[in-house]
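Visitor: Could you take me through one part of this model in detail? I'd like a close look at the place where the two chains meet.

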Number of protein chains: 2
Amino acid sequence: MEVGKVANEKDSIGLEDEQVYDQALLDRLLFQSNIDEFRDEFLSMHTYEQSEYFEDSNEEVRQRIYEVLSPEEVADFFEQLEIDEEDYEALFDTMDATYASKVLEEMSYDNAVDIMNQLSKQKIVSLLTLMNKEDAKEIKALLHYEEDTAGGIMTTEYISLKATMPVKEALMHVKEQAPNAETIYVIFTVNDHKQLAGVLSLRDLIVAENDAYIEDIMSERVISANAADDQEDVAQKMRDYDFIAMPVVDYQDHLLGIITIDDILDVMDEEASEDYSRLAGVSDVDATNDSILKTATKRLPWLIILTFLGMITATILGSFEDTLSKVALLAAFIPIISGMSGNSGTQSLAVSVRNISTGEIDEQSKFKVALRETGSGFFSGLVCSILLFIIIIVLYGQPILAVIVGASLTIAMTVGTLVGSMIPLVMNKLKIDPAVASGPFITTINDIVSMLIYFGLATSFMSYLT
Amino acid sequence: MEVGKVANEKDSIGLEDEQVYDQALLDRLLFQSNIDEFRDEFLSMHTYEQSEYFEDSNEEVRQRIYEVLSPEEVADFFEQLEIDEEDYEALFDTMDATYASKVLEEMSYDNAVDIMNQLSKQKIVSLLTLMNKEDAKEIKALLHYEEDTAGGIMTTEYISLKATMPVKEALMHVKEQAPNAETIYVIFTVNDHKQLAGVLSLRDLIVAENDAYIEDIMSERVISANAADDQEDVAQKMRDYDFIAMPVVDYQDHLLGIITIDDILDVMDEEASEDYSRLAGVSDVDATNDSILKTATKRLPWLIILTFLGMITATILGSFEDTLSKVALLAAFIPIISGMSGNSGTQSLAVSVRNISTGEIDEQSKFKVALRETGSGFFSGLVCSILLFIIIIVLYGQPILAVIVGASLTIAMTVGTLVGSMIPLVMNKLKIDPAVASGPFITTINDIVSMLIYFGLATSFMSYLT
């Protein structure tokens with residue numbers, strides 16, 4: 001939540017000029033005996049760029065950075081560090097424990113907690129021991145919340161004022177508290193029981209008459225998140241209401257912390273990436289640094305399950321060997337029927353999952369949408385079937401085959417959309433992680449169903465075919 | 001960009017209690033002869049809730065709302081209106097043109113422009129004519145930018161100060177300009193040629209010594225966006241740098257406007273939804289209000305193309321009728337081979353598209369990732385093939401068939417990942433919209449390729465099979 005201090009003014013922000021710092025220059029300056037030049041150059045960079053440089057550096061460079069920068073200076077760019085979750089353990093293994101604890105101490109609580117959540121229990125305990133008592137206590141409290149909840153992303157560094165304070169005094173107060181606050185643009189008031197009582201923006205404070213009191217300008221109807229709320233719901237709410245910060249309370253309305261908009265951007269990115277990965281049946285679409293073997297190993301469990309599921313389809317088809325050997329041409333339409341049923345199923349799956357994850361419509365409407373999807377699947381199926389019917393008649397001159405293929409396609413696409421739209425909803429209702437209902441899974445289920453329909457029909461009308 | 005004024009404090013933000021206002025009550029109050037009660041109730045709601053109420057209302061209610069609320073009051077919640085793009089024309093058809101022009105005038109320029117971009121040329125011209133000259137001029141200028149660019153989402157309502165101004169005076173100035181500014185938290189300075197010269201945050205201003213000047217505390221190295229930059233790149237940059245506002249300049253560095261974080265949240269949501277929809281082969285995953293027929297009609301063009309593509313697969317398979325009629329069991333493995341090749345292709349497609357859209361890695365790395373995907377496809381294919389090989393031997397006792405299916409699966413999965421990861425990259429390079437490389441398209445391409453491989457192999461080794 002700050003303004004940029006970066007690079008030269010000609011920099012556009014196109015994709016190509018991502019690297020706005022000179023890595024080679026920095027590397028050279030870093031290993032000079034006079035370290036001032038490096039410090040001048042490095043500290044004039046925006047913290048995001050500092051973090052980028054650090055991310056791109058090897059172990060030797062990182063060690064040298066710890067030598068020449070204070071924990072405060074390292075903490076500044078650690079706030080924006082984005083490395084793979086599993087790499088944090090190694091990062092802290094190579095850092096002196098006292099130094100590391102100082103770095104975490106200097107960070108804002110929410111970001112320190114995000115990092116510490118990736119470390120082993122043992123390391124967390126030893127780092128907490130080395131910190132000053134107050135910071136350790138705050139961080140410990142935040143570590144208790146689930147990572148994906150409002151509590152897990154909030155920070156306790158907010159500004160609160162007494163409702164009875166005059167506006168003039170309040171501005172002085174904000175100024176004093178500013179260095180330790182995550183944001184000064186949203187200010188809260190609490191009552192004697194530490195319960196959230198009101199909210200005002202710095203804007204309200206600035207434009208207020210000088211003789212006004214906080215209670216005159218604050219709003220007593222506050223939209224807040226509960227600590228246990230899912231981070232995705234919080235993100236949605238903040239987006240809807242255009243908030244730049246939102247208070248987090250417990251069940252008795254005690255103010256626990258705040259969530260700022262910069263964390264929400266990360267949440268939105270994370271959740272979008274998660275939904276997207278699921279649809280493709282990949283665990284994490286963003287892991288660009290993995291080796292071939294690591295990529296393959298991550299996806300293999302999933303692909304092996306699909307192989308076994310695929311064998312069910314194969315076995316079903318194998319049981320229709322008789323039908324197939326009599327009318328070999330039936331096999332030619334296997335891919336189109338299974339493919340179209342899979343495609344329309346994935347489309348409905350996408351709509352269903354999106355409806356669950358944005359939470360924009362209520363439970364009942366979701367099922368209504370699912371039914372509409374199925375209706376649309378039937379209608380689209382019918383149109384495609386008529387098309388296919390005509391093509392088959394023209395190409396092969398076999399009306400019975402055309403009817404069987406056409407009827408199968410319509411039924412398969414209807415059932416496909418039903419499966420695609422309903423399964424995630426039912427899973428969500430049953431509190432099962434809808435991750436299982438990923439794209440490939442739905443596609444394979446639809447394969448099995450559509451082949452049963454197709455060959456069921458074909459075998460029944462066998463006598464007309466041969 | 002404001003703080004909440006809403007509902008009662010017990011409201012959590014769970015999915016179930018989306019509707020925090022009482023629609024029936026509001027409807028009743030609205031048609032009472034004494035309209036004050038409605039106005040009190042309605043105007044005490046947060047503008048987001050006002051917009052929700054308006055969206056859920058029918059034509060009669062909307063007309064009555066225009067009667068009892070001033071254009072300023074309607075403008076407040078129109079800022080947060082979220083209706084389907086094609087519905088804006090109808091919305092403005094039923095509104096008195098003078099009233100409508102007043103509403104747009106009172107809105108922030110960027111949101112007014114977003115709405116006007118959905119209207120017909122004719123309506124835009126007549127609305128602009130009715131507005132006061134100054135607003136009309138600003139809006140007209142903003143209408144010139146492409147919708148998806150930095151220029152298209154920026155507003156010209158920013159605060160700029162002279163670099164030579166003392167801090168104390170600056171605070172007074174901010175207070176004066178506040179009512180007309182989209183944000184007061186980020187402040188710019190321009191030189192005599194209106195070129196962007198510096199940036200500071202309100203926080204900088206608040207914590208500054210009273211005897212300081214703007215130039216002492218502003219940063220002269222500003223990260224800005226060019227008006228023609230893609231909105232997605234701007235969003236990425238603002239997320240990386242944790243900005244709450246970013247300046248937009250032209251090629252000569254003249255300050256044109258600013259983009260605020262609330263607009264970026266909408267952009268991120270829009271772009272994530274777009275990527276997601278593409279992967280599923282749906283035009284818009286978020287259109288939840290469409291009828292069955294409308295949903296079907298939207299998807300049909302795509303499904304019809306896929307039907308024709310599917311017929312290519314069918315024709316290819318039809319040409320192998322001989323092979324099929326001799327070894328009918330071959331047909332049993334069609335779904336598993338085409339399915340697995342499609343699945344791994346979609347996984348690679350997802351990674352590739354994500355890499356293009358986040359722009360986090362450079363051009364060369366993207367191709368490196370694509371090659372790694374292919375390597376991983378080969379490796380995963382090999383493992384699944386060995387598994388399938390064993391299963392076929394156990395179930396059917398046909399080693400030659402097992403070899404053919406196994407080999408086909410490995411090749412199909414390797415080629416599948418190659419196609420899935422390369423096609424979007426190549427398209428992007430050739431400046432073709434990668435939308436065409438959606439999930440179903442890749443799956444169908446992979447169907448064709450994998451079937452050619454499978455039946456090519458099977459026909460070659462025919463003599464050993466029978």
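Guide: Across the interface, 146 residues of chain A are in contact with 146 residues of chain B, contact meaning heavy atoms within 4.5 Å. Bear in mind that this is a predicted model, where local features need pLDDT of at least 70 and side-chain atom pairs count only at pLDDT 80 or more, while totals for chains, interfaces and linings use all residues. Residues are numbered from 1 along each chain as its sequence is written, chains are lettered from A and ligands numbered from 1 in the order in which they are written, and side-chain values use heavy atoms, with hydrogens and water left out.

About 13300 Å² is buried between chain A and chain B, with carbon and sulfur atoms giving 61% of that area. Buried area here is the accessible area (1.4 Å probe) that two parts lose on being put together, summed over both.

Now for the charges: chain A and chain B share eight salt bridges, each a side-chain nitrogen of Lys or Arg within 4 Å of a carboxyl oxygen of Asp or Glu. Glu82(A) pairs up with Arg239(B) in a salt bridge, and their closest N and O atoms are 3.0 Å apart.

Which helix gives the largest share of chain A's side? That's helix H17 (residues 292–319) of chain A, with 19 residues touching chain B; helices are DSSP runs (H or I, at least four residues), numbered from the N terminus. By residue type, chain A's side splits into 82 nonpolar, 30 polar and 34 charged. Nonpolar covers Ala, Val, Leu, Ile, Met, Phe, Trp, Tyr, Cys and Pro, charged covers Asp, Glu, Lys and Arg, and the others, Gly among them, are polar.

Methods:
Helix = DSSP H or I, 4+ residues; strand = E, 2+ residues; numbered from the N terminus.
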